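Please look through the sequence and the model below before reading on.

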Amino acid sequence: MKNRVVITGLGVVSPIGIGVGQFWKAALEGRSGITAIRSFDPFPMETYRSRIAGQVADFNPSQYLEAVHADRVDRYAQFALTAVKEALADAGLRMEEETPHRVGVIVGASVGGLLMGERELTTLYRNQKPHRVHPNLIPMVTLNSASGIVALAHGAKGPNLTISTACSSSAHAIGQALTCIRTGQADVVITAGADASITPLVFAGFCSLRALSTGFNNDPARASRPFDRARDGFVMGEGAGALILESLAHARRRKARVYAEVAGYAATSEAYHMVIPREDGVDVAATMSLALLDAKLLPAQVDYINAHATSTPIGDAVEIRAIRRLFKTRAERVSVNATKSMIGHTLGAAGAIGAIVCALALDTGLVHPTVNYEDPDPDCALQGIARETRRRPLKVALLNAFGFGSNNAAVVLKQFVS
Amino acid sequence: MAAESDIALRIRTALGDYLKRDPASIKPLHALREDLGLDSMATIELLYQIEEAFDLEIPDQDLQKLLTVADVIGYVEGRLRPSSPARATGRPAKRLPARKKG
C-alpha cells in the first residue's frame, strides 16, 4: 500500500521576489523580473547576442543564512538554502522533533556552482599558478553541493540525492521524493531545485546554441513571451524553489497545514535528440498521460497545466500540440500558464518553482497570467492561456518540464481531500 | 557557367568535412535540411565553422534565410564583399527580432 504524499511547506528565491509572499504577489500582478545584464566583465555586453536575464536582484546571503553555511557554497546552493529555510519554517517542521534518518534531501540542479568554477578557471589561466586554485573549488563545484549543505544545515540524515537532467531536474527531484516517501524510505523529503549560472561562459554557450531571445535586448520585460507569435528564444534565469514533501500520516501527526497532494509522476526520454524535441509532441503527450495514470486520474479531470513553455519557437508549439493530442476537446477548457514569461528559464529550479505555482494555484484557485501573450501564435493558442489572473475552482494540476538530453518529466498535484 | 569562387569551394569543403563526404558531391542547390540531412542543431554547428573559417559573425535573424548551399555561399560572399556595411565597419549588422530553433 503506497503512502500518500503531501506538500506542507514552500520557499522560493526568484527574479520576481525572494520569499513566497513577494513571489506570488508579483506573479499574480504579472510583474516581469527580466532585466538587462549589467556586465560580464571583462567582456563588453555587445559581444553577446542576448543581453538580458531573469536575475535575482539584491541577494545578500548574510541576510538569510549563517556564514558557516553560505560561505561554503556557490550562489545556486545559497539560493537553495534560502528557499529551504523558508519552506521548513512554512511547514512548521522542527528538525529536533524528527528522526534524522527519516528526513531526506533531494535537489534538482542543472549547471550548479559555475560562478566559482569560471572564476577559478579564469584565474588559473591568467596567473598560471595551479597551487593558487582555491581549496574550496571542488566542494563548491560538485553538483551535489546544494543537497549536501542543505542536509548539513538542518541535520537531515535521510536519503540525500542530486538529480541533474537539465531543465527537468527539479521536476524529477519532486518525482523521486514522491517515490521515496511512497515506498517508506523517508517520512519527509526536503525537495528543491536551484540554479544560478548567469556567467560569461555559460551564457555565451546558450547564445551560441542560438536558443536565447536576442530581439528584445532593449526591452527586456517583453522578451519572454511564451506562445506569442513574436517569441524568439528563451530568457535565461536564476533562482531556487523548495517544497517540503511528507507522508500524509506524518503530516497528520504534526497537524501540518497541507497545500496540495502530490499524486503522480512520470519520467521519460524521447531518445531522439540532445537538444531538439520531437515536433509531433507524441512523447510529451505520452509523458503527461503516464503521470496521470500514476495518479489514477484521467485527462478529463485536469483543470490546470503549469507549462514548460520556455518561449522558443519550436518548444512552445510542441507542448501545445501534445496538450491538444492528449486532452482533445478539453484542451480548450484547461487553464494553461507559463511562469517563465515572468522569471525566465531558471534551468534546474524551473520544475520546483512550477510545482510551487501549482500548489499555490490549488490552494487559492488563482492562475497567474502569461505575460506578453499579445499576439497568440495560432499553433499555440488555447482559450485557457490568459494575459490576466484568472480565478476558478482547481482540483488537479499538471506540471511539465522538459530537458536537454531528450528528457521529459510530468508531475500531477491535486487538491488535498482528507 | 562562371568558375566556382574560392569562397564557394571552401564552403563545400567545410560541408564535406562536417558531413564526412566528398565535397564534389555537394551541390549549390542542395537544401541543408532536406538534401543534406542537417537538423537545426547541425546547421548551427556548421555555420559556427563557417563563421570561424571566414571570421564572420552571423546574427540570429540571418540564420533562417540560409536554407540551401547556394544561400550560404551567397550570404558569405555578400558579407565579405568590400562594399558590404558589415565588412566596412568590421561590426555585425544591427539585429532584428529573429525566429530561432526551440
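In H2(B), the residues Ser40(B), Thr43(B), Ile44(B), Leu46(B), Leu47(B) and Ile50(B) are buried, where a residue counts as buried if 20 or more other C-beta atoms lie within 10 Å of its own, as exposed if 12 or fewer do, and as partly exposed in between, with C-beta atoms placed from the backbone. Seen down the axis of H2(B), these buried residues fall within an arc of 165°, so they line one face of the helix; the arc is that of the directions from the helix axis to the C-beta atoms. An α-helix has 3.6 residues a turn, so residues three or four places apart point the same way.

The model is predicted: local features need pLDDT of at least 70 and side-chain atom pairs count only at pLDDT 80 or more, whereas totals for chains, interfaces and linings use all residues. Residues are numbered from 1 along each chain as its sequence is written, while chains are lettered from A and ligands numbered from 1 in the order in which they are written. Helices (H or I, at least four residues) and strands (E, at least two) are DSSP runs, numbered from the N terminus.

Helix H2 of chain B, residues 40–54, has 15 residues and reaches 21 Å from its first C-alpha to its last, close to the 21 Å expected at 1.5 Å a residue, the expected span being 1.5 Å times one less than the number of residues. The buried residues of H2(B) pack against helix H1 (6–19), helix H3 (60–63) and helix H4 (69–80) of chain B. H2(B) is followed by Asp55(B), whose phi is positive, near 55°. Chain B as a whole has five helices and zero strands, and 22% of its 102 residues count as buried. Among contacts in chain B between residues at least 6 apart in sequence, 58% join residues at least 24 apart, two residues being in contact if their C-beta atoms, placed from the backbone, lie within 7 Å.

In chain A, the domain assignment gives domain 1 (5–254) and domain 2 (264–414), with bounds that come from an automatic or database domain assignment. The C-alpha centres of domain 1 and domain 2 of chain A lie 21 Å apart, and 59 residues of domain 1 of chain A are in contact with 53 residues of domain 2 of chain A. On the side of domain 1 that touches domain 2, S1, helix H1 (20–29), strand S4 (52–54), helix H8 (169–182), S7 and S8 of chain A each supply at least two residues, and H8(A) gives the most, with eight residues. The residues of that side of domain 1 of chain A divide into 30 nonpolar, 21 polar and eight charged, where Ala, Val, Leu, Ile, Met, Phe, Trp, Tyr, Cys and Pro count as nonpolar, Asp, Glu, Lys and Arg as charged, and the others, Gly among them, as polar.

Strand S8 of chain A, residues 239–247, has nine of its nine residues buried, so it is largely enclosed by the rest of the structure. Both faces of S8(A) are covered, with Gly239(A), Gly241(A), Leu243(A), Leu245(A) and Ser247(A) buried on one side and Ala240(A), Ala242(A), Ile244(A) and Glu246(A) buried on the other. Strand S1 (residues 5–14) of chain A is joined to S8(A) by eight bridges and runs antiparallel to it, with Gly11(A) opposite Ala242(A); two strands pair if DSSP finds at least two bridges between them. Strand S7 (residues 188–195) of chain A is likewise joined antiparallel to S8(A) by eight bridges, and here Gly193(A) stands opposite Gly241(A).

Gly193(A) is also one of the residues touched by Gly348(A), including Ala194(A) and Asp195(A), when residues up to four places away in sequence are not counted. Gly348(A) lies in the loop between helix H13 (340–343) and helix H14 (350–364) of chain A and is buried, with 37 other C-beta atoms within 10 Å. Leu347(A), in the loop between H13 and H14 of chain A, has a positive phi of about 55° although it is not a glycine, and with 32 C-beta neighbours inside 10 Å it counts as buried. Lys255(A) also has a positive phi of about 55° without being a glycine, but Lys255(A) is exposed, with 7 other C-beta atoms within 10 Å.
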